[in-house]
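Visitor: Could you take me through this structure? I would like to begin with the helices and then turn to individual residues.

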Amino acid sequence: MQLNNTAAIVTGGASGLGRATAAALAEQGARVFALDLATSIEKAPVVDGITYVATDVTNGDEVRAAVGTAAESGVPLRTVVNCAGIGPSMRVLGKKGVHDLDLYAKVVQVNLIGTFTVLAVAAEAISRTEADENGQRGVVINTASVAAFEGQIGQVAYSSSKGGVVGLTLPAARDLAQYGIRVCTIAPGIVETPMLATVSEEFRANLAAGVPFPRRLARPDEYAQLALSIIAHDYLNGETIRMDGALRMAPR
């Protein structure tokens, strides 16, 4: 699928995986709409080809408005990459008692329901576009995590939400096949994002040492590169792809 002179939506587009992906899509000629919270957009750099849209993915009205902005940009909406997410840590039973129930619900609301909301609303807009000569209209790429498969201690909420993203991938691809829309998911391992910028070099080195090869943390631009590959490869559909250097997470 071609990106030049098309519109693309990237959630969490102001930082980390989303920012790298938005920049990569813009470099390929896409008109990118980077959805993120207003507080994150304030810190984001100005990049040619990227329009920031303040959006909370848990708010259906805001998502519809943002998708409408992309769909009415004058070029067909073809690409959606869901990168927005949060990852707080808490055990089912900890020193302070039971896992915060509201926190659990919030993680699922952002990571899973937010992903589905953007996917569904954007798919409706994409379905109204003219298909190409192969019947294609677009592709949606979601972000899971290796924690969906090997959640560590304290990751019960995060793993639940990311496991849900993996679980929706195939049925969503089947649902949207009739409209020429593909759905895939990337499950990254440990990526060098702003969340890791606050930890010590020693801690980061210990994380990297657990990766079989390459023995380092992944980079956001490598996620973006994989997203571009999925977009370009028309036969990739309904699949979750691990990007983890053969890492299999230990309990802690």
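Guide: The conversation below goes through helix packing, a salt bridge, a surface patch and some backbone details. This is a predicted model, in which local features need pLDDT of at least 70, side-chain atom pairs count only at pLDDT 80 or more, and totals for chains, interfaces and linings use all residues. Residues are numbered from 1 along each chain as its sequence is written, and side-chain values use heavy atoms, with hydrogens and water left out.

Visitor: At what angle do the axes of H4 and H5 cross?

Guide: Helix H4 (residues 101–127) and helix H5 (residues 156–176) cross at roughly 20°, and their axes come within 8 Å. Helices here are DSSP runs of H or I with at least four residues, strands are E runs of at least two, and both are numbered from the N terminus. Axes are lines fitted to C-alpha atoms, for helices over the stretch in contact, with angles from 0 to 180 degrees between N-to-C directions.

Visitor: Is H4 roughly parallel or oblique to H5?

Guide: Because of that angle, H4 is roughly parallel to H5; angles under 35 degrees count as roughly parallel, over 145 as roughly antiparallel, 65 to 115 as roughly perpendicular and the rest as oblique.

Visitor: Which residues make the contact?

Guide: Among them are Tyr104, Leu112 and Phe116 of H4, and Val156, Val165 and Leu168 of H5. Contact means heavy atoms within 4.5 Å.

Visitor: And how do the axes of H1 and H7 cross?

Guide: The axes of helix H1 (residues 16–27) and helix H7 (residues 220–232) come within 8 Å and cross at roughly 50°, which makes H1 oblique to H7. Their contact includes Ala20 and Ala24 of H1, with Tyr223 and Ala227 of H7.

Visitor: Changing topic, how many salt bridges are there?

Guide: The whole structure holds 9 salt bridges, each a side-chain nitrogen of Lys or Arg within 4 Å of a carboxyl oxygen of Asp or Glu. Arginine 64 lies in helix H3 (residues 60–71) and glutamate 124 in helix H4, 60 residues apart.

Visitor: Which residues form the nonpolar surface patch?

Guide: The patch consists of Val92, Leu93, Val98, Leu101, Tyr104 and Val156. Valine 92 sits in the loop between strand E4 (77–82) and strand E5 (93–94).

Visitor: Where is the cis peptide bond?

Guide: The cis bond joins phenylalanine 213 and proline 214, with omega about -5°. Proline 214 is in the loop between helix H6 (201–209) and H7.

Key. Patches are made of residues with over 30% relative accessible area and no salt bridge: like charges are joined within 9 Å, nonpolar side chains (Val, Leu, Ile, Met, Phe, Trp, Tyr) within 5 Å. Accessible areas come from the Shrake-Rupley method with a 1.4 Å probe; for residues, only the protein chains shown count as cover.
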